[in-house]
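I opened my notebook to look up a few things in a protein model. Here is what I was working from.

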Amino acid sequence: MSVNKEIRRVTTNTFQEMKERGEKIAMLTSYDFSTATIVDDGGIDAILVGDSASNVMAGHETTLPITLDQMIYHASSVVRAAKRALVVVDLPFGSYQGNSKEALSSAIRIMKESGAHAVKLEGGAEIRESVERIITAGIPVMGHLGLTPQSIYKFGTYTVRAKEEAEAEKLRNDVQVLQQAGCFSIVLEKIPAMLAREVTASLKIPTIGIGAGADCDGQVLVVNDMFGLTKGFKPRFLRQYLNLYEEMKNAVGRYVQDVKDKDFPNEKEQY
Ligand code: KIV
């Protein structure tokens, strides 16, 4: 199925319609204006301003250090670029876990200061009150279950989640809680494909998978990873569409050489 460029702006309703007609939802992350312009022009349905910015933009080991102000900076740059895509922004670690009032004021700041269209929160039943309060204020919420990187120090590793029955059962319950709370969609990260298929079939709202198999209603990847910009990162679930790290490194090498050789700038490249 080709990209439906007739859609003027993808909305949360479009997500629902896509699930109902069996059209897969394509989502990528972006954190800056230039990349988001390319991603939007390429026909993506939704852009996630993920807190993975903490890793790929700032070079932190985890997503924990990024602040709400930094997320708003990234999100506002992406919003200025996105003409068609729905823009979803992560509430960063520490901006919503305290209580539902804090969650709502963080979500309001994101919507007001960046112009984004929705927020994403990690967690299930334990964040139900926050999800409901944010949605009551008119802000669409995307859930995120399975591997939730803000809890990395609880998990201890980035390996596949919900392989054991007890964790799978909690996830089955959490997806229903998030749907009932009013989430318009749920990201399922790094869980067995069979479980993702089962919970996707059990929901009216679409699931967006990352390392969760082919039967989710949509897929999301970190754009730096799919472009091959992240050196040495090649998990099994990642399809790398370019090797930009090597291409960009080679371009830098050629530029350095041209400057050293006094080849750049030439006569046509000066005033
Ligand atoms: O922050 C992020 O990029 C994410 C995706 C991996 C789903 O949450």
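My entries follow, one topic at a time.

**Entry 1: the model**

I noted at the start that this is a predicted model.

**Entry 2: aromatic rings**

I looked for aromatic pairs and found 2 in the structure. I took a look at one of them, Phe15 with Phe184. Their ring centres are 5.5 Å apart, and the planes stand at 65 degrees to each other. Why is this pair called edge-to-face? The angle is 65 degrees, and planes over 60 degrees apart count as edge-to-face.

Next I asked where the two residues sit in the chain. Phe15 belongs to helix α1, residues 12-21. Phe184 is in the loop between α8 (165-181) and β6 (185-189). The two are 169 residues apart, so I wrote that the pair links distant parts of the chain. Are these residues buried or exposed? Both Phe15 and Phe184 are buried.

I also checked a charge near a ring. Arg161 lies over the face of Phe155, 3.9 Å from the ring centre.

**Entry 3: helix α5**

I checked the length of α5, which covers residues 100-114. It has 15 residues, and at 1.5 Å a residue it should span 21 Å. Its end C-alpha atoms are 21 Å apart, so the two values agree.

Which residues of α5 are buried? I listed Ser100, Ala103, Leu104, Ser106, Ala107, Ile110, Met111 and Ser114. They take up an arc of only 165 degrees around the axis, so they lie on the same side of α5. On the other side, I found Lys101 and Lys112 exposed.

What covers the buried residues of α5? The cover includes helix α4 (68-81) and strand β3 (86-90). It also includes β4 (118-120) and α6 (128-136).

Then I looked at the two ends. Asn99 caps the N-terminal end of α5. One of its side-chain oxygens lies 3.1 Å from the backbone nitrogen of Lys101. After α5 comes Gly115, with a positive phi near 80 degrees.

**Entry 4: helix α8**

I repeated the length check on α8.

I listed the buried residues of α8: Ala168, Leu171, Asp174, Val175, Val177, Leu178, Gln179 and Ala181. What do they pack against? I found α6, β5 (141-146), β6 and α9 (193-202). α8 is followed by Gly182, and the phi of Gly182 is positive, near 115 degrees.

I found Asn224 in helix α10, residues 223-226. Its relative accessibility is 10%. Buried means under 20%, so Asn224 counts as buried. Leaving out residues up to four places away in sequence, I saw that Asn224 touches Tyr31, Val56, Met57, Leu229 and Thr230. I also looked up Asn224 and Leu244: they are 20 residues apart in sequence, and their C-alpha atoms are 8.9 Å apart in space.

Leu229 is in the loop between α10 and α11 (244-260). At 28% relative accessibility, Leu229 counts as partly exposed. How far apart are Leu229 and Glu247? In sequence they are 18 residues apart; in space, C-alpha to C-alpha, they are 9.3 Å apart.

**Entry 5: backbone angles**

I wrote down the general rule before looking. Most residues other than glycine have a negative phi, and most peptide bonds are trans.

Lys190 has a positive phi, near 50 degrees, and is not a glycine. I found Lys190 in the loop between β6 and α9. Its relative accessibility is 19%, so Lys190 counts as buried.

Lys262 also has a positive phi, near 60 degrees. It lies in the segment after α11. Is Lys262 buried or exposed? Lys262 is exposed, with a relative accessible area of 73%.

Last, I looked at a peptide bond. Phe264 and Pro265 are joined by a cis peptide bond, with omega about -5 degrees. Pro265 is in the segment after α11.

Key: Residues are numbered from 1 along each chain as its sequence is written. This is a predicted model: local features need pLDDT of at least 70, side-chain atom pairs count only at pLDDT 80 or more; totals for chains, interfaces and linings use all residues. Side-chain values use heavy atoms; hydrogens and water are left out. Rings of Phe, Tyr and Trp (its six-membered ring) pair if their centres lie within 6.5 Å; planes under 30 degrees apart count as stacked, over 60 as edge-to-face and the rest as tilted. Helices (H or I, at least four residues) and strands (E, at least two) are DSSP runs, numbered from the N terminus. Buried means under 20% relative accessible area, exposed over 50%, partly exposed in between (1.4 Å probe, protein chains only). A charge sits over a ring if NZ of Lys or CZ of Arg is within 6 Å of the ring centre and within 35 degrees of the ring normal. The expected span of a helix is 1.5 Å times one less than its number of residues. The arc is that of the directions from the helix axis to the C-beta atoms. Contact means heavy atoms within 4.5 Å. A polar contact is a pair of N or O atoms within 3.5 Å; within protein, one must be able to donate a hydrogen and the other to accept it, and residues adjacent in sequence count only if both atoms are side-chain atoms.
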